[in-house]
Every structure is written in C-alpha cells, then in structure tokens.
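Subject: Structure for you to look at

Hello,

Here is the structure I said I would hand over. Please open it first, then read the notes below it.

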Amino acid sequence: MSPRWCVQRFVRRRLAIASLSVVLAGSALLAPAPAAAQASSAAVQRVSGSSVYELAANVAGGSCSSDTGSHSVALASGENWPDALAGTALDRPLLLTAQAFLPAATRSYLEPCASHNRAKVIILGGTAAVSEGVAEALRDMGFRVDRLAGADRYATARRVARVFAPDVLDTVYLASDVSFADAVAAAPSVTSETPLILTTPDELGDEARRFLTDEERATSSVTILGGTAAVSAAVEAEINELGIGTERIAGADRYETAALVARRALADPRCHPVTDVAVASGTTPFGGLAAGAVRGPCEPLLLAPGPDTAVPETLSSFGRDWLLAVGSSVRATLTGIGPASAVSAAALAAVATGAAAGADADQSSEGLNLTGWNAAARSVVQIRCRAAGGDSIMQGSGFVVGDGRQVVTSHHVIFDDAGRRCSRIRAYLDGAFELVPERFVSLTVQRSDEASDLALLAMDPRAQRRPAMLLATEPPLAGETLTALGYPEVGGDTMTLTAGLYSGTLQLRGATWLKTDTPLFLGSSGGPVLNNRREVVGVATLLHVSVDDDTGLSVGSIGVLVPIAEVAALLAGDIGR
C-alpha cells in the first residue's frame, strides 16, 4: 500500500498556526513586573537588518521620502564609526556605505528621492573612509553631493560642528574618540545647536580646543560624556581654564551612563510624557548611531549588552521609572535597534516592564522554565464568539499585539464555513496554567485575511492595555524548540503549553508555511507559537499535512504555522480587509 500526501481540514475548525508580528510588547517575556511598574506597559517593536547598511536604512525609515524632507541625508563609513558619530548633529537620516562601493541596501533607500530637485547627500569623512567612486555613483543617481572631511576624525567632527552650529552655543558635547558608547547614548540630544566634538582621553585635542576657542562663536558650557577613564579630569581642567563651565554625565559603566542621559528626558518638562524610548547595542556602534541621527532629545536611547551578558539592573530601574512617569493612560513604545543577536529580548523586556531580568530570560532548549512561560501567558487570550447563524459558540485562542489593545487570532475562529462573521466576539483574559480565564472584553474586527487564516481584533479604546507579545525578527533554526500556548479543548478550561521542533518551511496553496511537530489541537487556532526567547514566530492554524495509506488510515502528520511575515503584513494593513 503506497502512502499518498493530502491536506486535511478538521471537521471542527479549531487549530491555530503560529505567526509573528513586528510590533509586540516585551512585558510578556519575563516574570510579572512589580505593581508599581505596572502603571503602564510599553509596546515593543524591533527594527533590524541583515547588515549594518540595511539596519541603518531601516532605522531611517526604509526608503527616502521627499514629503518628510529626508531627500537630504548624511552618509558615513559602515566600516569605521567616528565620522558617523559626528553626523548625528546634522538632524537628518544617517546612512552607511562601504569605502569602495555603495551597498545595495543604501542605494535602494536613496533611489526614490534621487530625482528630487533638492536631493542631497552629505558625505562624512575623506576618501579613505568613503571613496570618490561612491560620490560619483551618487551623482550619477541624481544627487548633489557635499563632503565634510578633515585630516582626521577630530577635524571631521570639528568641521561638521562648525558648519552647522550657530554663533552662540549653550552646550557642546565632548566625547572620547576611543569608545563610541557614551557618545552614542547622547546622540539623540546632539543637534546643530548642541554639537558633538571629540577629544583624546588624556588631554584636550587640538581640534576640540580650536572649536571651543573660535572667536566667532561663544560656548557657555561643555557636557563631558563618560567617566574619567574616557575623558580625564585633566581634560576637564583644561576646558575650565578656557573660562568654559563643565558638567559630566558618568555612570559606573556605559549602560548606566546611557541611562543617566536618558533620565534627563524624563526630568525635562518639555518632554513630558516621554512616550518613545529605544535600546541599541552597547557593544556595536552603528545601530545606535543611525537611531541617534533620527531621534530627538525627548526620544532617549539606552544601551544594552549582548545576549550572552546578564541584563544590567540599570535597564529595569529605568523602565520602572519611565512607566510610572508615563502612566497607564498614555501609549508608550520601546524600540529595539538591531537583531536579537545584538539587543536581546530580555533587555527589551527589562525596560518595557521594569522587571529585573531573571536567569530564565534566555533559557536553552533543554527544558521549559514555567516562571517564564507563566509570564508569557499573560498575553494569551481565549477567544469565544457566538456563531452568526445560531446560538452555538465558536472557540479558539489569540494573543495581544501592537498597542496592547489589539489581538491576533485565526480567521476561521471568527468566521464560519459560509463566510459569516460571529455576531459577538469576546477575549477572556488572565488565564494561566492553573487558572481559568473568567474576565472578558468585547472585540471588534479591524481586518482579516482568509488566505493566511489571520484576523486582527480590537478592544474598546477605553480598555486597559494588556502586555503585548514580542514578535520575532529572525526565522527559527531547524531543530529549534517551538512552544505553543493556547486553549485547546483537550486541555480543559485552563491554558495549555505544548512543545515541539521546527523543521523548515512548506509551500502549500501558493503560500509558505512553517513546519513543526509541536502538538496543536482543536481550540489552539490563533494562539502564538514562540521560540525560547519568548518571541512569537508563528500562529497555529487549521491546516495540517498528513500521510494516509490506501485504506484511508493516517500514518503520520505534521502541523503547519502561519509565518511571522504574514502577521506583520496584517498589522501593517498590507493584507486583510
């Protein structure tokens, strides 16, 4: 008896495919935050890229826009960081390039604006950093090209500051040329009116001194970034001898220094409430540099260590104070700059929830830590809706995304086989592995897409925001453990957790699906499927693939999930109606 492949649909439509969204709140990643921090929860999103060039373009907005004025951009080396650091004062998007050629990601960003009558690229640094060949390529595209360069990094920084700075400066930022971290943290506050200059650590550099003693410009004070190991007390004394006041922003390490800079926005009445915070890598410079170029003083930038390093308490402490300052009635957004390999999900969760990062934040695939999964369960809901044609109740799972008042589920959970939408849709909240969800909120359909079996639902705008789940920005790896959370009927009334392995993709019905042996049952549909970092990688769905023998008996089956890209498209409005 030879087996035959077939796609089977369940008679009762209750399974969910895993799908990922780009905008999810990180509070689902760790243990619940202290009550004080839960005055608000931040929605979490991540901006990433496959290279520093693509990352910079995505941070800048993905593509050039004549309407917003970003037809004028700065361009610096993606192979060495000091020139890019100076460019944060130009108040325009900062793109990166290789020395010898213009990378495809950068070119793709620029092309939509090349024909604009004021299209301009300001190259930072000399030809050793950005070749004349790159400049010619930009001119051939239609851009006017200016170059700001000096004999070295100090001279380039001074020239950038001098060209754009006004005659009277209240503050000039001063950073060491040896380490980028302190200056990156201050990058959102660096503008043409508050420029950045560089110095050597042990003595005030010649170019910095030239800028501060320029007879055509009056400087009231210098803000030194970092401790005395970065910029020595001797440098500060030299500045004071010039008759210029100083202040120093310095913590015990780069992460605390960045948090101290960020806290200035919290204390500034002009910034209240601070609704937009970002976290960039404290070990690699370019994501933070690109973010600093397009962020302002009221949009602070924190730094985080790599995923192999413990998340510092500095981040959760800032998160607690930020959330208390914002309050529960205002939407707050946290943006991770870079992939999870640069800025971990645990670091984002620490800021988004104010919860101290525990040892289980980055668990291995060897086992499941229920403390962490209990935290993730806070963002999973049970969906119940009254069928349009009668009194029967359809049931499935869902998870909170976006602004904390949006829920993703499966299209087939809220539409019957005749295409009729449920007459009443409710999300039952606050369930757990030992707790039945009893409190509910009513939902309306924002949009749905039958082809991808996804629907986006919305709570009442007055409803309390829920912690949103973090969506993965990188695909799972073959053999990686995937965990499904939801309310399958076989699990009773409480939440059920099942785990299995990811085994690649499958082309089916003209679409790409994720394959997994993670057990999915009736009622799982619409529930999230997560990786070990508590990031959603897929959504459970109705479909599965099985092998039947000639007698019709099943000899094996595998589940399929809706990929994260489809959820992202649904949230962005690119699919669904």
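The largest cavity in this structure has a volume of about 70 Å³. The model is a predicted one, so please read everything below as computed from that model. A search of the whole structure finds three cavities of 30 Å³ or more.

The lining of the largest cavity is made up of 13 residues. Those that lie nearest its centre are Ala484, Gly486, Thr496, Thr498 and Ser524. Two elements give two or more residues to this lining, namely strand E22 (481-486) and strand E23 (496-508). The one that gives the most is E22, with three residues.

Next, glutamine 382. You will find this residue in strand E15, which covers residues 380-386. Is glutamine 382 buried or exposed? Its relative accessible area is 3%, and because the cut-off for buried is under 20%, glutamine 382 counts as buried. Its side chain is joined to that of arginine 384 by a polar contact of 2.7 Å. Leaving out residues up to four places away in sequence, glutamine 382 touches Gln395, Gly396, Arg426, Ala427, Tyr428, Pro437 and Tyr487.

One of those neighbours, Tyr428, leads on to the aromatic rings. The structure holds three aromatic pairs. In one of them, the rings of tyrosine 428 and phenylalanine 440 have their centres 5.3 Å apart. Why is this pair called tilted? The planes of the two rings are at 45°, and a pair counts as stacked under 30 degrees and as edge-to-face over 60, so this angle falls in the remaining class, tilted. The pair links distant parts of the chain, with tyrosine 428 in strand E18 (residues 424-429) and phenylalanine 440 in strand E19 (residues 439-449), 12 residues apart.

The two partners also have their own accessibility values. Tyrosine 428 is buried, with a relative accessible area of 10%. Phenylalanine 440 has a relative accessible area of 35%, and is therefore partly exposed, as this value lies between the 20% and 50% cut-offs.

Last, two places where a charge sits over a ring. The charged end of arginine 153 is over the ring of tryptophan 81, at 6.0 Å from the ring centre. Likewise, arginine 254 has its charged end over the ring of phenylalanine 180, and here the distance to the centre is 5.9 Å.

Regards

Definitions and conventions: Residues numbered from 1 in each chain as written. Predicted model: local features only at pLDDT ≥ 70, side-chain atom pairs only at ≥ 80, totals over all residues. Heavy atoms only, no water. Helix = DSSP H or I, 4+ residues; strand = E, 2+ residues; numbered from the N terminus. Buried < 20%, exposed > 50% of the residue type's maximum accessible area, 1.4 Å probe, protein only. Polar contact = N/O pair within 3.5 Å; in protein donor to acceptor, adjacent residues only side chain to side chain. Contact = heavy atoms within 4.5 Å. Phe/Tyr/Trp six-rings, centres within 6.5 Å; stacked < 30°, edge-to-face > 60°. Lys NZ or Arg CZ within 6 Å of the ring centre and 35° of its normal. 1 Å grid on protein atoms, 1.4 Å probe; cavity = no way out; pocket = protein on both sides within 12 Å on 5 of 7 lines; lining within 4 Å. Points joined across faces, edges and corners; volume = space filled by probe spheres on them.
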